[in-house]
Each structure stands twice: as structure tokens, then as C-alpha cells.
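Good morning, everyone, and thank you for making the time. Please have a look at the sequence and the model before I start talking.

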Amino acid sequence: QYKEKLIKAQGKCEHLKDSLRLAISDGIAMVEDRDNLEKAQIFLQKVAQDTQNQLRFHIKDIVQLCLDTIWPGEVVFDVLFEINRGKTEARLIFIVDGEEVDPLDADGGGLVQVAAFALRIAVWTLGTTRNSIVLDEPFVALSDNLQPLAAEVIKELSDKLGLQFIMVTHRKELTGIADRIFEVNRKRVGEYWQSEVKVV
């Protein structure tokens with residue numbers, strides 16, 4: 001009887017040893033999986049950070065170029081990526097005279113218009129769309145004395161990015177940079193309006 005009990009006890013002991021070996025093996029695998037997950041998470045965070053930095057510099061360069069052309073050394077632009085409610089958001093920063101300002105409160109909308117234009121161009125460069133952009137009365141919020149500088153912005157971006165701008169405008173200051181100008185006039189013929197187009 002003792003022999004049988006001893007054999008059964010030895011069998012249980014072996015079974016428990018096997019279970020313990022499996023548990024240890026599973027535990028090691030879980031630790032390795034956790035380590036791999038942590039490494040993967042660190043890798044993904046680094047890739048995300050690098051991507052954000054590249055985006056930041058890309059966007060910042062284009063917007064700052066436009067701002068410096070019109071307000072040289074007066075406005076500093078930056079992009080900060082922040083995590084908000086589990087999502088990454090971009091915060092656009094404008095610094096004037098060393099202080100962060102809300103561009104909506106600055107200079108009657110000209111700053112917002114120039115920055116928005118530059119941001120659209122920066123976003124366009126990230127895609128694979130055609131190299132033509134249509135502008136309808138761009139920079140209307142800028143004062144007359146800044147219009148020639150706005151024309152410089154358009155010309156410089158066109159040259160640097162190989163981008164064709166098709167612009168609808170009545171401002172002579174902006175048409176001065178054009179390679180080709182189509183002048184459209186309307187005249188009344190009886191009870192109808194007729195458009196007349198000529199190459200200037």
C-alpha cells in the first residue's frame with residue numbers, strides 16, 4: 001500500500017513539476033512578449049516623434065518664409081505637437097515682439113491670411129497632387145503697401161516648389177509677377193452681359 005501511495009505521489013510530483021516547467025516557460029514567454037511590446041512601443045514613439053519633427057520643420061520653413069517676406073524679422077512661427085485626449089494635435093504659435101499672439105487679433109487679418117496661405121502650400125507639398133493651385137483674390141486682407149510683398153511670396157514659392165499659380169485678381173501689384181495675363185472685361189449688349197477676354 002505504501003509502495004502504491006509512493007508511486008502515486010511520485011506521479012503527482014512529476015505532474016506538478018511538468019506544470020511548473022510549463023508555467024515558468026509561459027512566464028518567460030510573457031516577459032519576452034512584454035519586453036518586445038515595450039521595445040515596439042518605444043520604436044513607434046520614436047518614429048512618430050521623428051515624423052512630427054520632420055513635419056514641424058517642413059511646415060515651419062514654408063510659413064516662416066512667407067511671413068519673413070512680408071514682415072521680415074517681426075513674426076516668428078512654430079508648430080508644437082501635443083497629445084490631447086489620447087490624440088496628437090498640432091498647435092500653431094505666432095510670436096510677435098517676444099510674446100505669443102493670437103493671429104486672429106493681429107493686423108486686421110493679414111497675418112492669418114498669409115499664414116493660412118502658407119499652411120495650404122505646406123500641406124500641398126506633402127501630397128502627390130498636380131503642381132497647379134488656383135487662387136481667387138488672394139491676400140485681400142493685406143494693405144496696399146504689402147501687396148507687392150505678397151506677390152513676392154507667390155513668385156518665390158512658385159520658383160522654389162515648381163508650382164504653377166493660376167490667380168484671379170483685380171490688383172495690379174499681384175499681376176506684375178505673372179508670366180501671362182488674361183484680362184477679362186464685361187460689357188452690356190442689349191439685355192445681356194458679354195465677357196471679353198484678351199491676353200495682355
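This is a predicted model: local features need pLDDT of at least 70, side-chain atom pairs count only at pLDDT 80 or more; totals for chains, interfaces and linings use all residues.

Let me begin with a question: which residue forms a salt bridge with Asp35? It is Arg34, and the closest N and O atoms of this pair are 3.4 Å apart. By a salt bridge I mean a side-chain nitrogen of Lys or Arg within 4 Å of a carboxyl oxygen of Asp or Glu, and by this rule the count comes to 10 salt bridges.

Residues are numbered from 1 along each chain as its sequence is written, and side-chain values use heavy atoms, with hydrogens and water left out.

For accessibility, buried means under 20% relative accessible area, exposed means over 50%, and partly exposed lies in between, with a 1.4 Å probe and protein chains only. Asp35 counts as partly exposed because its relative accessibility is 29%, and Arg34, at 46%, is partly exposed as well.

Another pair is Arg91 and Glu82, whose closest N and O atoms are 3.2 Å apart. Arg91 has a relative accessibility of 31% and so counts as partly exposed, and Glu82 is partly exposed at 34%. These two residues, together with Glu100, are linked in a network of salt bridges.

Turning to the helices, I use DSSP runs numbered from the N terminus, where helices are H or I with at least four residues and strands are E with at least two. Helix 1 has 69 residues and reaches 100 Å from its first C-alpha to its last, which is close to the 102 Å expected at 1.5 Å a residue; the expected span is 1.5 Å times one less than the number of residues. Among the buried residues of helix 1 are Gln52, Arg56, Ile59 and Ile62, and what covers its buried residues includes strand 1, strand 2, helix 2 and helix 3.

How does helix 1 meet helix 3, and at what angle do the axes cross? The axes come within 8 Å and cross at roughly 145°, where axes are lines fitted to C-alpha atoms, for helices over the stretch in contact, and angles run from 0 to 180 degrees between N-to-C directions. The contact, meaning heavy atoms within 4.5 Å, is made by residues including Ile62 and Leu65 of helix 1 and Leu149 and Val153 of helix 3.

Trp71 lies in the loop between helix 1 and strand 1, and at 9% relative accessibility it counts as buried.

Within helix 3 itself, Asp159 forms a salt bridge with Lys155, with the closest N and O atoms 3.8 Å apart, and the two residues lie four apart, about one turn of the helix. Asp159 is exposed, at 52%, whereas Lys155, at 32%, counts as partly exposed.

Finally, helix 2, residues 110-126, has 17 residues that should span 24 Å at 1.5 Å a residue, and its end C-alpha atoms are 25 Å apart, which agrees. Its buried residues include Leu111, Val114, Phe117, Ile121 and Trp124, and what covers the buried residues of helix 2 includes helix 1, helix 3 and strand 4.
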